[in-house]
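Here's a quick tour for anyone meeting this structure for the first time. Have a look at it before reading on.

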Amino acid sequence: MESSFTGAQPTSAQAAGSGAEAVEIVYYTDPLCCWSWAFEPHWQRLRHDYGGTFRYRYCMGGLIPSWNNYSDSVTSVSRPAQMGPVWMEAAHTTGVPINTRIWIENPPASSYLPCIAFKCAEAQGPAAAESYLWRMREAVMVQGRNIALQSVLVELAAEMAAQERGSLDAARFSADLVGDSALEAFRRDLQEVQYRGINRFPTLVFRRHDRPSLITTGFCPYDHLQELMKKLLE
């Protein structure tokens, strides 16, 4: 199993291919999903190897509404302290560095606000969305910063604006974070997730106009992603 992790931010292009011949990938994920963070090297490699043949979009899954409304029977998680071992397993299985201490020291209360924050960044374009999603994940899973807090999300936007100069308007982001448009956009994502019956992340749905859709759920080897692409591109 591949376990290398580049630590580099992903490329920002979210549209590739052209017309009906292009494959479309819908990536269902959540900023607090450790398996999505572990999956990042494969996701980057897929875009590098097949970037000219598909376009994609993210759909936020709303992994943790609140700890009063969360219980995962598969992983036996119903309170924050139980999430640490899940992250530890993801790190051990994939070799991707993940800091699990946050679930003891400063556990995030929900993933809903980070999902809304992603929609704020997405409103400013694919480059901003891609970079901000990366920064949220890196902040919580490597640096141990609580991205469920509005103040942390605003700090990340300000840091990104200062470092990347132009990809994100931090003032607009801060205003949108307490507005209605990003909230409505996230609600539409939640409706799509519920309609599709998706309850594990990451989940990727591969579509092409003349082929049946293909789906992969959870962390998987890169070879599996290659097989799905080859089936659709034959």
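How much space lies in the largest pocket? About 560 Å³.

## Ground rules

This is a predicted model, where local features need pLDDT of at least 70 and side-chain atom pairs count only at pLDDT 80 or more, while totals for chains, interfaces and linings use all residues. Numbering starts from 1 along each chain as its sequence is written, and side-chain values use heavy atoms, with hydrogens and water left out.

## The largest pocket

The lining of the largest pocket has 28 residues, and Leu-63, Asp-72, Asn-199, Arg-200 and Phe-201 sit closest to the pocket's centre. H1, H2 and helix H8 (181-196) each give two or more residues to that lining. By class, the lining splits into 16 nonpolar, 10 polar and 2 charged residues.

## H1 against H2

Helix H1 (residues 34-50) packs with helix H2 (residues 83-94) at about 15°, their axes 9 Å apart. That makes H1 roughly parallel to H2 (angles under 35 degrees count as such). On the H1 side, Cys-34, Trp-35 and Ala-38 touch residues of H2, including Trp-87 and Ala-90; contact means heavy atoms within 4.5 Å.

## H4 against H8

Helix H4 (residues 112-122) meets H8 at about 110°, with axes 8 Å apart. So H4 is roughly perpendicular to H8 (the range is 65 to 115 degrees). Among the residues in contact are Tyr-112 and Lys-119 of H4, along with Phe-186 and Asp-189 of H8. This contact has 9 nonpolar, no polar and 2 charged residues.

Definitions and conventions. Axes are lines fitted to C-alpha atoms, for helices over the stretch in contact, and angles run from 0 to 180 degrees between N-to-C directions. Helices (H or I, at least four residues) and strands (E, at least two) are DSSP runs, numbered from the N terminus. Angles under 35 degrees count as roughly parallel, over 145 as roughly antiparallel, 65 to 115 as roughly perpendicular and the rest as oblique. On a 1 Å grid over the protein atoms alone, a cavity is a set of points where a 1.4 Å probe fits but cannot get out, and a pocket is an open set with protein on both sides within 12 Å along at least five of seven lines; lining residues have an atom within 4 Å of a point. Grid points are joined across faces, edges and corners, and a volume is the space filled by probe spheres set on the points. Ala, Val, Leu, Ile, Met, Phe, Trp, Tyr, Cys and Pro count as nonpolar, Asp, Glu, Lys and Arg as charged, and the others, Gly among them, as polar.
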